[in-house]
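Please guide me through the side-chain contacts of this protein.

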Amino acid sequence: MNLNMIDLKISRLAKWVRCFPVLLAVLMLSGRASGQPVTEPPQRWLLIFDTSITMQRWLPGTTTELQNLFYGSMSEQLRAGDSVGVWVFDEKLHTDLCLPFTWQPAKAADEASQLKDFLTQQHYFGSTKFSVLGPVLQRVIAGSQRLTIVLFCDGKDELKLTPYDDSINGTFRAMQADRKKAKDPFILVVRTQLGKFVGATVNLPPGSLDFPVFPPLPVSDKPVQTHPPVTAPPAEPPSVITAPPLVIVGTKVLTNQDDIKKATGP
């Protein structure tokens, strides 16, 4: 092989090496455009159950709705690997009566059955006191990248926790007679991201839940960190929490702008 042929091959190889990053970028973009799912870190979920005397009468409706939600993986929002914590409250908050668990769709029936048994064994008394949730829940929110709170309650107390309290409390009052007749609880879904509230909906079972859409997470070069199951951390709550505006449409509280446009029209 003469030197001219060697120079020609080296030249071609150099062109390929220079083109490789461009080709790699094209392939990556092509994969994203084809609809391949983007892997997201596991999320934290917190199920909170009101154990006031009213909720004892509504227990069959609560457990039936819970089973349906588990079988449907919370409207397909609950994903394998997500951590799930369970709290109960009436005039006091109890965060350690039920062990947190990692969600596995194949075990949905077992988890639903165990949680049904747990709720059946609770002592229902007194009245609903949302105020007992505040301090501990604020610390959990502050320490969570993404948190979904699903609160089963009778709506007989004034909520003073979120930026949407006035609208949520108004819905509780307006639909109280409906819930009493149906013997089904209100299900309040609240979502937070990076310590801030990003949306809330008030849901009236039976039926699937409406979940506010999480905004995109900030892009970071740091490795993704997974969160432990929800517990009560000792850190202090944040002093200021902001959130998008809230609009009531029908019997649901909506904060996501796309949902509001769909419900109210152009």
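D178 is partly exposed, because its relative accessible area is 33%, and on the scale used here buried means under 20% relative accessible area, exposed over 50% and partly exposed in between (1.4 Å probe, protein chains only). The side chain of D178 meets that of R179 in a salt bridge, with 2.7 Å from N to O. R179, by contrast, has a relative accessibility of 4% and therefore counts as buried. A salt bridge is here a side-chain nitrogen of Lys or Arg within 4 Å of a carboxyl oxygen of Asp or Glu. The model is a predicted one, in which local features need pLDDT of at least 70 and side-chain atom pairs count only at pLDDT 80 or more, while totals for chains, interfaces and linings use all residues. Residues are numbered from 1 along each chain as its sequence is written, and side-chain values use heavy atoms, with hydrogens and water left out.

The structure holds two salt bridges. Besides the D178 and R179 pair, R173 and E158 are joined through their side chains, at 2.9 Å from N to O. This pair links distant parts of the chain, 15 residues apart: R173 belongs to helix α7 (residues 165–174), and E158 to the loop between β4 (146–153) and α7. Helices (H or I, at least four residues) and strands (E, at least two) are DSSP runs, numbered from the N terminus. R173 is exposed because its relative accessible area is 53%, whereas E158, at 40% relative accessibility, counts as partly exposed.

Aromatic contacts follow. Rings of Phe, Tyr and Trp (its six-membered ring) pair if their centres lie within 6.5 Å; planes under 30 degrees apart count as stacked, over 60 as edge-to-face and the rest as tilted. By this rule the count comes to seven aromatic pairs. One of them joins W45 and F211, whose ring centres are 5.7 Å apart and whose planes stand at 70°, so the pair is edge-to-face. Since W45 lies in strand β1 (residues 44–50) and F211 in the loop between β6 (196–203) and β7 (247–249), the pair ties together parts that are 166 residues apart in sequence. Both W45 and F211 are buried.

For F130 and F172, the ring centres are 6.2 Å apart and the planes are at 20°, so this pair is stacked. It links distant parts of the chain, 42 residues apart, with F130 in the loop between α5 (108–120) and α6 (134–142) and F172 in helix α7. Both F130 and F172 are buried. Ring pairs also link F130 and F172 with F89 and F186 into a cluster.
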